[in-house]
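Hello,

Here is the structure I promised to pass on. Please open it next to this message; my notes on aromatic rings and one surface patch follow below.

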Amino acid sequence: MNESGSSAVHLDVDWERYMAANDMEWVVKPVSWEEGAFLGNGLLGTMVYGEEHASKRHVLRMVTGRTDVTATRKDKPGFPPRVPLGELDLELEGKIYHPTHMRISLWNAELQATLTTTSGEVKLRSLVHSLYPVIAVEIETTAGESGAGCAWYAYPDVDPVLKNADGVNLNQYVPVTEVEHTEEADGIRVCTQRYSGEDGCTTAWKEVQVSPNRRICWLSVTRGHGESAKAEAVNAVAQASVANFDEWVQAHRAWWHRYYRQSFVSLPDGRLESFYWIQMYKLASAARADSPLIDNQGPWLTSTPWPGCWFNMNVQMSYSPVYTANRLEMGESLVRSLYANSDNLILNVPEDCRHDSAGLGRSCSFDLLAQVDDEIGNLTWICHNVWRHYRYAMDDDMLKEVLFPILKRSVNYYRYLLEEGDDGFLHLPPTISPEYGSFMRTTVPDCHYDLSLLRWGCETLLAICGRLSIRDPLMPAWEDILARLAPLPVDETGFMIGRDMPLAYGHRHFSHLLAIFPLHLVKGETEEERALIATSLRHWLAKEGDLRGFSMTGAASIAASLGWGDEALRLLQSLLLIIKPNTMYKEAGPVIETPLAGAESIHDMLLQSWGGKLRVFPAVPEAWTELAYHNLRGEGAFLVSAVRKHAATQWIRVKSLAGEPCLIKTGWSGIIRWNVIDVYGAVRGSGETVIDDEISLDLDTGEEAVLYPGEEGPHLRLRPVEGTEKVARYFGGHKPWRLYGF
């Protein structure tokens with residue numbers, strides 16, 4: 001992983017100390033998934049917590065998941081769901097007591113704990129290696145805890161007390177499992193779980209006594225139960241256990257240190273700042289370039305009605321912070337998944353449409369097999385994520401090979417549905433606006449969700465043709481759709497669900513506002529559009545009955561698009577009231593997209609770049625008089641750094657990675673000065689100009705510009721901002737008394 005964007009800006013950050021204040025911390029033992037300490041590497045993960053039942057107070061659970069382990073259903077039709085694997089339990093001599101302390105070091109992606117028991121003390125360090133599919137647990141014990149050690153339990157063998165503590169979801173499929181234990185050479189033990197056919201998983205682990213009071217356990221899980229799966233798990237453990245442990249840990253840490261340095265954000269609100277960095281940690285714990293795409297839970301599966309991938313919001317929102325955060329590598333898992341499963345996307349539409357169309361239903365496994373029903377637009381929305389990936393990277397090969405053919409097929413499926421009305425417009429038949437009237441399977445003609453996605457799809461296909469100099473025979477058809485497609489239904493309350501259907505009751509999804517966010521078809525650049533956006537947002541939020549956490553993130557991003565920083569902040573503060581202590585999120589079951597989308601809402605307050613324009617500090621709350629960020633990424637492949645002090649932007653630096661046109665909305669009016677620095681670090685040109693907010697720059701690939709309103713050039717030193725509400729280690733265990741100070 002390369003660290004992009006070196007420049008004249010000096011980032012004055014003691015990363016280890018800075019990140020330490022944002023760590024998750026527990027001053028008592030966590031006892032549930034939503035309080036637990038989580039670790040992951042995009043494929044393997046653990047959620048670490050205990051249990052208060054008297055018979056299990058001596059156990060610290062490390063509930064283990066591997067994202068791609070699924071099982072073919074035998075009880076009824078349905079996609080192969082994720083299934084629980086089991087847990088690695090640290091079993092102690094005494095009961096976990098006080099004082100016990102746990103902490104996730106974000107900087108090192110490690111769990112560090114001191115467990116006080118009725119028999120002694122155990123110091124624990126655990127990590128899921130960033131480069132290898134191996135979990136490591138290191139313990140040091142006092143004399144009274146010399147018998148402490150790790151034990152693996154396949155899910156069928158987990159004590160019912162612990163299973164019941166996690167809750168039981170009657171909708172969740174748990175396959176009949178055959179469990180077999182064997183032992184290999186060098187003390188490596190193996191547990192094979194067979195579900196049916198090729199489905200299953202294999203766990204290998206080894207515990208080594210390093211010194212009289214120190215031992216290390218290595219564990220790996222592979223998909224499948226055959227000899228190759230067994231060999232893969234055993235080899236992973238064997239290689240890890242013979243490596244120099246300190247060097248092995250340093251390699252893990254080095255990956256994370258490079259990852260964090262890809263961009264930097266500092267806020268005066270300490271809770272939101274910590275929340276933001278925990279989402280960056282969560283993102284890389286849940287996805288890598290070569291991992292499965294992010295499903296509803298990432299590697300941390302527990303009791304849930306949603307053990308798979310949902311495409312009417314969840315996957316899209318999980319990837320939403322990837323782009324501005326300059327962490328495109330995490331988004332490559334989505335791009336790769338679409339490309340690898342493009343044939344299955346074709347199978348999702350009726351047979352007579354498969355020669356030129358594709359689609360994606362609401363939910364499925366990682367193979368993307370999900371028949372399209374009345375919810376049409378999911379694949380097109382996923383394509384919007386891929387378009388964002390393209391616009392932030394400007395990778396024309398990906399545009400040509402991945403996005404263009406899939407988006408073209410997605411739009412083609414809409415063409416089969418379009419009907420010309422007596423009014424001369426092209427209309428859509430009744431379809432679903434996701435989450436509106438879900439239990440009644442409400443459908444509506446000219447649904448906003450589908451009209452906006454179809455319009456965006458046609459505009460984008462034409463833009464791609466222009467970019468790649470393609471003369472596609474369907475270009476006239478896309479132009480005709482744009483000319484004659486029915487307008488988005490609107491009444492006095494703003495955007496409607498669809499034709500003749502206003503928003504009449506609580507609606508947790510922003511599917512009826514997609515033209516505002518994230519598609520930005522309605523940009524708010526005229527007073528009429530701003531009034532429409534404002535009316536729509538207020539009416540939606542006034543119908544409180546079914547609002548959820550992800551409603552707050554969508555609403556905050558819409559408010560930010562209007563420049564309403566105070567309102568965006570209030571919505572994010574409302575989100576924090578329902579985020580779990582470890583920043584996870586839960587409704588009828590755990591889902592991870594909502595807090596990740598919260599990070600994107602923070603981005604939308606700091607930097608927006610849709611519509612070919614970089615908007616610097618577009619929605620700053622009045623209380624945020626100081627802000628700083630470095631190497632946030634904008635559309636056109638620009639890296640942007642900016643500092644705000646005394647409620648005013650001090651300087652802006654923009655670096656071009658692709659030589660694209662650069663238009664910046666600065667927030668300044670009057671004389672500004674600029675320097676352009678070439679790829680060798682020399683000043684290529686400088687000058688001053690009078691602007692009214694916006695300025696256009698000519699930057700070649702690798703060049704950067706520094707803009708400032710003062711007479712003297714700024715010191716391009718960027719450091720964490722101070723704040724009156726800085727909070728140290730607010731998240732982790734539930735700590736309502738944790739107020740201010742370190």
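Phe439, Met440 and Tyr505 make a nonpolar surface patch of about 440 Å². Keep in mind that this is a predicted model. Tyrosine 505 sits in the loop between β22 (494–495) and α13 (527–542). Its relative accessible area is 35%, so tyrosine 505 counts as partly exposed.

Next, the aromatic pairs. The count comes to 30, with ring centres required to lie within 6.5 Å. One of them joins phenylalanine 79 and tryptophan 310. This pair is edge-to-face, at 5.9 Å centre to centre and 80° between the planes. It links distant parts of the chain, 231 residues apart. Phenylalanine 79 is in the loop between β5 (59–66) and β6 (86–91). Tryptophan 310 belongs to strand β17 (residues 309–310). Both phenylalanine 79 and tryptophan 310 are buried.

Now look at phenylalanine 245 and tryptophan 248. Their ring centres are 6.0 Å apart and their planes meet at 25°, so this pair is stacked. Stacked requires planes under 30 degrees apart. The two residues are three apart in helix α4 (residues 245–260), which means about one helical turn separates phenylalanine 245 from tryptophan 248. Phenylalanine 245 and tryptophan 248 are both buried.

Finally, charges over rings. Which ring does the charged end of arginine 271 sit over? That of tyrosine 730, at 5.5 Å from the ring centre. Arginine 288 lies over the face of tryptophan 255, 3.7 Å from the ring centre.

Best wishes

Notes: Residues are numbered from 1 along each chain as its sequence is written. This is a predicted model: local features need pLDDT of at least 70, side-chain atom pairs count only at pLDDT 80 or more; totals for chains, interfaces and linings use all residues. Side-chain values use heavy atoms; hydrogens and water are left out. Patches are made of residues with over 30% relative accessible area and no salt bridge: like charges are joined within 9 Å, nonpolar side chains (Val, Leu, Ile, Met, Phe, Trp, Tyr) within 5 Å. Accessible areas come from the Shrake-Rupley method with a 1.4 Å probe; for residues, only the protein chains shown count as cover. A salt bridge is a side-chain nitrogen of Lys or Arg within 4 Å of a carboxyl oxygen of Asp or Glu. Helices (H or I, at least four residues) and strands (E, at least two) are DSSP runs, numbered from the N terminus. Buried means under 20% relative accessible area, exposed over 50%, partly exposed in between (1.4 Å probe, protein chains only). Rings of Phe, Tyr and Trp (its six-membered ring) pair if their centres lie within 6.5 Å; planes under 30 degrees apart count as stacked, over 60 as edge-to-face and the rest as tilted. A charge sits over a ring if NZ of Lys or CZ of Arg is within 6 Å of the ring centre and within 35 degrees of the ring normal.
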